[in-house]
2 protein chains.
Amino acid sequence: MARIEFEKKVLSENDRLAAAIRKDLSERKIFCINLVSSPGSGKTSLLERSLGVLGKEMALGLIAGDVQTENDADRLKAAGGTMVRPIVTGGACHLDARMVTDALKDMPLERLDLLFIENVGNLVCPSSYDLGEDMKVVVISTTEGDDKPLKYPGMFRRSSLMIVNKIDLLGHSEFQLARVKENARTINGDLETIELSCRTGEGTRRWYDWLRQRVSQKRV
Amino acid sequence: MARIEFEKKVLSENDRLAAAIRKDLSERKIFCINLVSSPGSGKTSLLERSLGVLGKEMALGLIAGDVQTENDADRLKAAGGTMVRPIVTGGACHLDARMVTDALKDMPLERLDLLFIENVGNLVCPSSYDLGEDMKVVVISTTEGDDKPLKYPGMFRRSSLMIVNKIDLLGHSEFQLARVKENARTINGDLETIELSCRTGEGTRRWYDWLRQRVSQKRV
């Protein structure tokens with residue numbers, strides 16, 4: 001019981017900070033994505049590609065969270081042009097709104113159009129922490145099994161878009177696209193899906209268009 | 001500060017329960033593995049194969065943890081012969097020693113040789129919770145990227161064996177076996193490695209032999 005009370009308190013403090021982030025980003029008309037997935041689903045590869053393409057059209061910011069190392073932030077800095085801030089959680093299994101608040105202090109918010117937050121690779125804990133984003137986008141890869149929406153329902157329920165990555169590896173496992181979509185719909189009837197391969201580039205155009213549309217809607 | 005104190009208290013209660021489990025299993029000469037990995041690395045597939053082969057030689061028990069659904073437990077019951085107990089954590093991101101204590105009450109410990117605990121798919125949180133096992137075994141698949149030991153060091157530091165699964169997919173990504181081993185050694189110089197494919201069966205014999213050896217050592 002003490003534990004539940006304690007967790008409620010932590011989450012309500014987080015919600016307060018997340019609301020402040022959301023208000024600030026909204027006033028500045030910055031569209032914000034909280035990118036979540038298992039370890040190794042391809043969040044960083046997806047961002048590398050996206051920064052390369054969209055960085056030529058709009059001003060991008062990125063907060064890259066890792067339990068340890070700044071590898072992802074380094075990879076993404078190499079992708080060029082984007083304002084990148086690493087967060088090393090030092091063991092914590094998720095980003096929280098306090099970490100994001102601190103990272104944002106350092107960013108040129110007055111000129112950003114689109115802000116990505118790359119969460120820690122974890123399909124459980126990050127689902128409970130609102131970071132002030134407009135939408136959560138969950139990445140799942142075809143090598144992980146098509147039952148993941150059923151086994152980690154919290155994340156799929158709270159996401160607006162599911163990206164199915166590594167479609168170049170379809171046929172190398174029992175994973176079926178139709179089944180992962182069906183399982184996802186059971187959990188969240190409003191969840192959109194985009195299938196792509198960060199390796200070959202197949203399908204990525206739909207993702208860029210999806211982002212462009214959200215960014216222009218936000219500007220209105 | 002309050003938060004850290006609170007977490008310390010939870011962990012010390014967990015350690016107390018884990019020590020009791022370890023003592024009980026040790027007196028009964030049951031070898032116990034805590035199997036950890038990202039979602040979709042292949043823990044359940046590995047167990048399906050292992051139960052099929054080892055179930056003919058020794059008495060196996062299995063505790064299968066999932067955030068939601070009893071899918072894994074159902075798959076493993078279908079693999080036959082083994083005493084399977086599901087734990088549905090209802091949102092919790094890891095198993096803890098209390099859940100294992102409760103699951104064990106229901107198992108015929110007097111006749112088990114080997115007990116598997118399949119943890120929740122999560123490379124972060126389960127590393128902090130001792131379940132009374134003899135060893136943690138971490139599964140990583142070749143589709144997840146060879147930097148995982150560096151990014152999730154806690155889990156690789158506390159594991160005795162790293163299983164590299166999905167070697168049938170080597171060459172379909174930038175993943176390199178030599179590099180994942182080198183990264184793992186940086187974190188934990190004592191970590192053993194076994195490479196295999198649950199899909200094709202390649203390499204699984206070494207895993208069975210590894211288990212057989214541990215089980216006979218425990219019996220002495």
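## A buried tryptophan

Trp207(A) counts as buried, at 0% relative accessibility. Buried means under 20% relative accessible area, exposed over 50%, and partly exposed in between, with a 1.4 Å probe and protein chains only. Trp210(A) is buried too, at 6% relative accessibility.

This is a predicted model: local features need pLDDT of at least 70, side-chain atom pairs count only at pLDDT 80 or more, and totals for chains, interfaces and linings use all residues. Residues are numbered from 1 along each chain as its sequence is written, chains are lettered from A and ligands numbered from 1 in the order in which they are written, and side-chain values use heavy atoms, with hydrogens and water left out.

## Stacked rings

A pair of aromatic rings is described by the distance of the centres and the angle of the planes. Rings of Phe, Tyr and Trp (its six-membered ring) pair if their centres lie within 6.5 Å; planes under 30 degrees apart count as stacked, over 60 as edge-to-face and the rest as tilted. The count comes to 2 aromatic pairs over all chains. Trp207(A) and Trp210(A) form a stacked pair, 5.9 Å centre to centre with 20 degrees between the planes. These two sit 3 residues apart in helix α8 (residues 204-219) of chain A, so about one helical turn separates them. Helices (H or I, at least four residues) and strands (E, at least two) are DSSP runs, numbered from the N terminus.

Being 3 residues apart in helix α8 (residues 204-219) of chain B, Trp207(B) and Trp210(B) are separated by about one helical turn. Their ring centres are 6.0 Å apart and their planes lie at 20 degrees, so this pair is stacked. Both Trp207(B) and Trp210(B) are buried.

## Where the chains meet

Chain B gives 38 residues to the contact, and chain A gives 38 residues. Contact means heavy atoms within 4.5 Å. About 3,000 Å² is buried between the chains, and carbon and sulfur atoms give 56% of this area. Buried area is the accessible area (1.4 Å probe) that two parts lose on being put together, summed over both.

The interface of chain B and chain A holds 6 salt bridges. A salt bridge is a side-chain nitrogen of Lys or Arg within 4 Å of a carboxyl oxygen of Asp or Glu. Lys151(B) pairs with Asp66(A) at 3.6 Å, N to O. Lys151(B) also forms a salt bridge with Asp72(A), the closest N and O atoms being 2.8 Å apart. That pair crosses from helix α5 of chain B to helix α3 (residues 71-78) of chain A. Both Lys151(B) and Asp72(A) are buried.

## Salt bridges within chain A

Over all chains, the structure has 36 salt bridges. One of them joins Lys105(A) and Asp102(A), with the closest N and O atoms 3.2 Å apart. Lys105(A) is exposed, at 63% relative accessible area. Asp102(A) is partly exposed, at 39%.

Lys218(A) and Asp134(A) meet at 2.6 Å, N to O. Lys218(A) lies in helix α8 and Asp134(A) in the loop between β4 (114-118) and β5 (135-141) of chain A, so the pair ties together parts 84 residues apart in sequence. Lys218(A) is buried, at 17% relative accessibility, whereas Asp134(A) is partly exposed, at 32%. Salt bridges that share partners also join Glu57(A), Asp209(A) and Arg212(A) into one network.
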